[in-house]
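Hello,

Here is the structure we spoke about, with its sequence. My notes on what was found in it follow below.

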Amino acid sequence: MLGAIEQLLKDEIGLNSQSVGLSVIRHALKERMTATGIGDLHEYWSVVTRSRSELQQLINAVIVPETWFFRDRDAFSGMTGYARAHITRRRPIRLLSLPCSTGEEAYTMAMAMFDAGYGADDFTIEARDISSRNLEQAQLALYGRNSFRGTDLAFRDRYFEPVEEGGYRPNAAVLGRVHFKLANLLDPPEAAELGGYDIVFCRNLLIYFDRPTQDRALDRLEQFLAPGGLLLVGPAESALPIARGFASARLPMAFAFVRAPKTQPVEPPRAVTPAAPPAKPVARPAAPMRPAPPKKPPAVSRPLQPKESPAPDPRAASLASIERAANGGRLAEAREAALAHLAQFGPSADAFYHLGLVQDADGHPAEAIQNYRKAIYLAPDHREALAQLALLLQRQGDGAGARALNSRLDRMANRSGS
Ligand SMILES: C[S@@+](CC[C@H](N)C(=O)[O-])C[C@H]1O[C@@H](n2cnc3c(N)ncnc32)[C@H](O)[C@@H]1O
């Protein structure tokens with residue numbers, strides 16, 4: 001009978017009992033049998049298979065709600081950097097947190113967007129989860145110590161109000177950006193949501209699925225994404241989108257992906273490195289990471305799957321290996337690869353940009369700024385370098401510098417019509 005319950009949970013929510021352990025399922029079962037006053041497993045089975053509300057309660061009892069504010073910070077700076085560089089026309093930008101658990105992730109998305117200079121009218125956040133219990137907590141929005149982890153809690157002063165009975169609640173501006181709804185990732189998206197999101201967070205859920213269910217879930221996630229949309233998964237899940245045809249979005253430690261083109265051979269890594277230091281800035285060919293509108297194959301720049309993207313020359317292969325290391329969060333390796341690239345091939349906008357990203361992630365903002373600036377000197381239209389430098393300057397308190405770069409990005413977007 002326990003096996004039947006396992007199968008029921010797998011069919012309903014994709015839960016792979018091996019990922020959580022049978023003891024979690026036993027514990028949830030015990031909790032529900034006690035709550036319903038049913039002592040016999042067969043009797044409980046006949047109730048749970050007939051009553052949608054009891055099934056929901058069993059799901060609530062079995063899921064893992066673990067989450068906290070700014071969990072994996074780079075995911076949120078990756079989100080805003082990508083939005084700034086690539087989602088330049090659409091307003092409001094549409095963001096999805098699925099699963100949102102008790103709301104911390106979705107509210108963090110709102111805080112990060114405000115921090116990046118977006119206003120309340122510039123974005124909306126939909127948040128979904130299969131647990132009605134979690135959603136009630138999310139809407140109550142009262143958070144204790146467990147939701148605030150790590151040492152950098154300055155965001156709490158900026159965006160939360162202490163509550164008399166204890167705990168903190170996000171301010172009205174943050175609360176107002178997020179809309180919660182019960183949903184199962186494995187169900188088809190509603191028609192209005194198909195292709196509707198510019199950025200989708202699906203973090204720390206795929207790990208609870210078996211392989212076929214992970215593939216199903218990724219196909220669903222793709223349906224939610226607008227052309228050129230960004231998908232962010234958890235660190236332990238970062239190999240899965242690649243295996244399902246996504247390409248890395250090259251945002252270090254963000255575990256972020258875009259849809260790889262299906263129909264055309266993948267463009268090889270683009271080397272913008274001049275053979276020798278340029279006498280004057282070199283115009284960078286426009287290569288937006290955001291895929292083109294439907295019909296045309298999406299113009300994702302430089303996806304990195306080796307099988308689809310055989311490196312055509314040593315310089316391109318070297319750049320690809322820097323990106324792979326950076327995207328995999330192997331900072332020391334990425335730094336070494338970038339330095340080796342510069343030594344072997346001379347100045348390169350992409351190598352400087354990656355060196356900057358690594359230094360930024362590693363807590364060396366001054367060095368990161370220098371390298372972003374070098375990248376922009378070599379390739380004045382390097383959107384990613386401009387966006388990352390803008391974010392870094394903003395974090396450093398140089399609002400004027402950040403605004404200047406953001407206006408430059410806006411002007412570029414207006415020119416290219418993206
Ligand atoms: C570990 S939390 C992750 C929360 C957040 N994304 C994060 O990374 O901090 C996993 C959440 O997935 C939800 N969940 C489990 N199966 C689901 C499904 N099939 N569809 C939607 N949500 C699901 C659970 O209710 C739980 O809140």
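Salt bridges

Across the whole structure, a search finds 19 salt bridges. Please keep in mind that this is a predicted model. Side chains of opposite charge can pair when their charged atoms come close. One such case is the salt bridge between the side chains of Asp 72 and Arg 203, with an N to O distance of 2.3 Å. This pair links distant parts of the chain, as 131 residues separate the two. Asp 72 is in the loop between helix H5 (52–62) and helix H6 (73–86), while Arg 203 is in the loop between strand E6 (197–201) and helix H11 (211–224).

The ligand

The ligand sits in the second largest pocket. Around the ligand there are 20 residues, of which Thr 67, Arg 71, Pro 99, Asp 129 and Asn 204 come nearest. By type, this shell divides into 9 nonpolar, 6 polar and 5 charged residues.

- Ile 13: a polar backbone atom is 3.2 Å from a nitrogen atom of the ligand.
- Glu 105: a polar side-chain atom lies 3.0 Å from a nitrogen atom of the ligand.
- Asn 134: an N or O atom in the side chain is 2.9 Å from an oxygen atom of the ligand.

As for cover, the ligand taken alone exposes 600 Å², and the protein buries 97% of that.

The loop between E1 and H7

Pro 99, one of the residues that come nearest to the ligand, is found in the loop between strand E1 (93–97) and helix H7 (104–115). The peptide bond that leads from Leu 98 to Pro 99 is cis, with omega near 15°. Ser 101 also lies in the loop between E1 and H7. Although Ser 101 is not a glycine, its phi is positive, at about 50°.

Regards

Terms used: Residues numbered from 1 in each chain as written. Predicted model: local features only at pLDDT ≥ 70, side-chain atom pairs only at ≥ 80, totals over all residues. Heavy atoms only, no water. Near = heavy atom within 4 Å. Polar contact = N/O pair within 3.5 Å; in protein donor to acceptor, adjacent residues only side chain to side chain. Areas by Shrake-Rupley, 256 points an atom, 1.4 Å probe, with all protein chains shown as cover. 1 Å grid on protein atoms, 1.4 Å probe; cavity = no way out; pocket = protein on both sides within 12 Å on 5 of 7 lines; lining within 4 Å. Sits in = over half its atoms within 2 Å of the grid points. Nonpolar A, V, L, I, M, F, W, Y, C, P; charged D, E, K, R; others polar. Salt bridge = Lys/Arg side-chain N within 4 Å of Asp/Glu carboxyl O. Helix = DSSP H or I, 4+ residues; strand = E, 2+ residues; numbered from the N terminus.
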